[in-house]
Amino acid sequence: MEGAFLSMFDDPFTRVFIAETDGQIAGYVRLSFNRDENRLYVPSLYFLPDFQGQGMGRRLLEAAEEYAAEKSLDELWIGVMVKNRQALVFYRKVGFQFVREEPFTMGKTTVSHLIGYKKLGKNTQLIQKTYITFDGGKSLKSLSRLCLELLSEQKKTWEDLREGYKLLKNIRERDVLCRGFFIRLQQNSERIKSSLADVGKKSANERRCFLCLDHLPESQRGILYQNDYLILCNPMPVFSSHFTISHLDHRRQTVVEHIDTFLQLMSDFGSGWMVLYNGPQCGASAPDHLHFQAIPSGQMPVEKEIRGKKRPNLMTQVGGVSLYRLRDVGREVIILEGDNPMAVGGVFKGFLKALGEILLVNEEPMINIAGFHKKRKYCLVIFPRRKHRPGAFFKEGDAQVVVSPGVIDMGGVFITPVEKDFYRLDAALAEAIYGEVSLEGEIVERAIGALQQSP
Ligand SMILES: [Zn+2]
């Protein structure tokens, strides 16, 4: 393809490069310089459908990058509609990283945009950080097998990870028998940072996000999943293998919009694994960066209770999905089970919507989820929450108990980073903590009732 780039417009703050092929205009890129921010933006990049798949987009961007370099700028900025998945995939592939979500108003409509940038002159970060791309299970290697392979590779090349797993061998555990159920205590000093993590909005903005590609440790690599997520080894593991599934973009933690991916992850990991979610206000250590976790199953006491004959109490069935409520486990546990992921996702959304309406909250109601796929059934174990940390967490001196319940604690494994808590946490205290942070049964019952009545 013969191509020529011309620039036009004398406006010092706008620059357009046009791509021509055989004297015919094939596409253009418009650049706009924001003087206050000292940033070069790409407000539009367009080429005719006939030239799709010919590298036209890349070439137009190269022209933009050269221009930025001439201006001594080292970044190129862009805003892309959240819904324009194809464009997001393209820009990420050529090295853009999306770091902020912003509403953008055009006339009467407001749509959500992702703002991203590309560091110029740097190798494409994503390529550098990708250990392997998961092909959707077409090859013989399952996702869990790839993850274990990644873990053993990363242990060889990444010292902090090796150290994190070595320390896991020194943790102590003990079981505490409560009224009708049991919990397991894990004394894990390594988790102190995440237990004490300041997860307020302000701190989230000021803190360097540890899940953004830019800030990942030098040696860290991951498995590219669905062109949207990187599956990473957690350097502060709680279990013998512990992965973080981090979105490539810096965007807020929420599960409602991403439940389809969550269910897909459950089936891709396969039986023997659990996929976990912590709401932004009840356990997520990076509430401003969308992420899930994956661990081998068989670790959390709640799994035994689910299998118990008399425990799951069938409350209702909606669209082929069964909704159970666990009996006598000291906290609210709702289970959704069905063989059609779309139907399970739909009932999940309905349940969350009902909870939100009863609680009068606009944002996502506080929940933790553990999901698994077994015998062709999708199973979501939901822990509805009233608050994140118990009152004892905020007490001073000896009275303070450092527990910061997330999905793992709600599943029955209490992480106690402070040694004295490990020894003194007894049945009464554990029951009190569950009672305090779990949502009231009466509200859960009303949400189930609303779900039964909705069409
Ligand atoms: Zn981030």
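Visitor: Which residue takes a positive phi in the hairpin of β16 and β17?

Guide: Strands are DSSP runs (E, at least two residues), numbered from the N terminus, and two of them pair if DSSP finds at least two bridges between them. In this hairpin, glycine 319 has a positive phi near 50°, and two residues lie between the strands. The model is predicted: local features need pLDDT of at least 70, and side-chain atom pairs count only at pLDDT 80 or more, whereas totals for chains, interfaces and linings use all residues. Residues are numbered from 1 along each chain as its sequence is written, and side-chain values use heavy atoms, leaving out hydrogens and water.

Visitor: In which sense do β16 and β17 pair, and over how many bridges?

Guide: Residues 312–318 (β16) and 321–326 (β17) pair in the antiparallel sense over six bridges. Proline 312 of this pairing stands opposite leucine 326 in β17.

Visitor: Which atoms coordinate the zinc ion?

Guide: Donors are N, O and S atoms within 2.8 Å of the metal (3.2 Å for Na, K and Ca); water is not among the atoms, so sites may look incomplete. Here the donors are Cys209 (SG), Cys212 (SG), His250 (ND1) and His289 (ND1), at 2.0 to 2.3 Å.

Visitor: What makes the arrangement around the zinc ion tetrahedral?

Guide: Four donors count as tetrahedral if all angles lie between 85 and 135 degrees. The four donor atoms here subtend angles of 99 to 118°, so the arrangement is tetrahedral.

Visitor: Is cysteine 209 buried or exposed?

Guide: Buried means under 20% relative accessible area, exposed over 50%, and partly exposed in between (1.4 Å probe, protein chains only). Cysteine 209 is buried at 6%, and cysteine 212 is buried at 4%.

Terms used:
Helix = DSSP H or I, 4+ residues; strand = E, 2+ residues; numbered from the N terminus. Tetrahedral: all angles 85-135°; square planar, octahedral: opposite > 155°, others 65-115°.
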